[in-house]
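Biologist: I would like to learn how to read a protein model with care. Could we go through it together?

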Amino acid sequence: MNKNALKKFIAVSCAAILIAAALFGCTKIDNTDTTEAAEATQTSAGATSKLSDIIDESDMFSDRDLDPSYDESEASTITLKDGGSSSDSENVTIDGDTVTITAEGIYVVKGSLSNGQIVVEATDEKAKVQLVFDGVEINCDTSAAVYVKQADKVFITLADGSKNTLSNTSDFVQTDDNNVNAVIYSRDDLTLNGSGALTVNAKYGHAISSKDDLKLCGGTYEINADEKNGLDANDSIRITSSTISVTSANDALHAENDEDENAGFIYIKDGELTINAADDAIHGTSAILIKDGTVDIQSSNEGIEARMIEVQGGDVSVVASDDGFNASSGNSATSDAQQMPQQQDTTELQTEEVSQGATPPEPPSGDMPSGEMPSGEAPSDDTTQGGMPGGGMNGGMMDSDSNCYLYITGGNITVDAGGDGLDSNGYISIEGGYTVVYGAENAGNGALDSGVSITVSGGTVIALGMSGMAEGFDESSTQGAILCNSVSGNKGDTVTLTDSSGKELISVEAVRSFDSVAVSTPDIAEGSTYTITAGSTSAQIEMTSIVYSDSQGGMPGGMGGGRQGFGG
């Protein structure tokens, strides 16, 4: 989502609220009630609900999902041929180039159809049907090449060494009450496994779609969707032991369920996943869990998006024109566009209007803040452009949602974002792994952005971005962390963190210009001194506490956790 206009408006709103606070004699923002309420409902990841409430890892795959073998003596055969398909099973009917399977069983399929389809319509709703593809090529001009109309579960097994291709060429023509809209379309649970290869070319609609669970448990897949999603499911997408390449005109992986808040999740246990998506690379309405494997998002609008996101391991690389990671719910995901009117794309005019006595924006509902006025002068036109200096109101005021979190406990993560790098409308919690974030050059975005708080207790984090909306780590963090807006650099510059003896602790090369560095590593200790060097600039940092910030007026850690706040 594009939040630049909103964030620019928030920046001016923040300045106006500070001025109003001064006029009313307000002196300090008191977050006690908000903080206590959040702490009372937090789980270990900081949110009011847990991903484990949705994803039961002990129940992700059945034995048959993971075992593609079958008894050949019990299998029937289907031979595909234009105008002359055949089968040795009485449970298979053939009408022209439409082959229909009506009962549970194992069916070995070979051959090709230039304009035909396989339909699974078992009379028993509890039937389990296994299709073994051994050199199959099916194109269907106006419907699904494989259409699962009724069964309990269907397995498409890719025979060892086989190459199989499914495709469509024209828009869909509906023949019944079901909205068939994919090359492989299933109304029931669908599992793809085996050790062969499958190419799916969708000129129209989705490539593979299941109205229940969609599982890929082995095989090599090339998925091309010229119009919609690559992999699409209502209840879940679950991946293990597979090599998958997805190119899509919409989302690459998309799991969405508007009726069940515990459905619509994506689970990646391992394997290799390469994605080029015009919209989101991996989108789940409820949750996304990446356990291990390689996830290489080479292009996307938003990289990985769900209400709850956890990365526990693997190599995860995200290139996104907007947010890299985005933890947001259905409501908060659209709040940016709904809560504020369209603003003229300039903060200079807005700031001028405030300074000339225009009516300032209404402050948040509730009592006016009390306490001491923040130290320092009110933000000037220059410092308010793109956000308050040191940035940090961010999403906290407008789209805070304690049900959302981004949780990193392991893995090697690289984010190259044109919007926010790591973004959560609720919490960001980092407990392990090695995370590098390259944020946008646009001052309306931050390398780190939370609606409530950002905490770190393990792992290594280095985030380069712009100081306008820069957000640091909450003081409740238990690992040394630094937000430094006193250094800057350009593409190709090396950013290093060294200790007082000159030992290099972190080094990373910038991919674009920046003027803010957020860093945390187990090597940072309270009471020690460190130096951040970026290009021709450097800053010496004395860790008088576990969390340091030289932000002048920012609220590190978001609205709910940034008690370090004004003045750093």
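Predicted model: local features only at pLDDT ≥ 70, side-chain atom pairs only at ≥ 80, totals over all residues.

Biologist: What is the mean pLDDT of the protein?

Modeller: The term pLDDT is the predictor's confidence in each residue, from 0 to 100. Here the mean is 83, and 76% of the residues reach 70 or more. Over residues 331-398, however, the pLDDT is below 50, although this stretch has 131 contacts in the model beyond near neighbours in sequence, a contact meaning heavy atoms within 4.5 Å.

Biologist: Which secondary structure elements does the protein have?

Modeller: Helices (H or I, at least four residues) and strands (E, at least two) are DSSP runs, numbered from the N terminus. This protein has seven helices and 44 strands, and V461 lies in strand β37, which covers residues 460-465.

Biologist: Why does V461 count as buried?

Modeller: Buried means under 20% relative accessible area, exposed over 50%, and partly exposed in between (1.4 Å probe, protein chains only). V461 counts as buried because its relative accessibility is 0%, and of the 568 residues of the protein, 55% count as buried.

Biologist: Which residues does V461 touch?

Modeller: Leaving aside residues up to four places away in sequence, V461 touches I430, T435, F473, A518, V519 and S520.

Definitions and conventions: Residues numbered from 1 in each chain as written. Heavy atoms only, no water.
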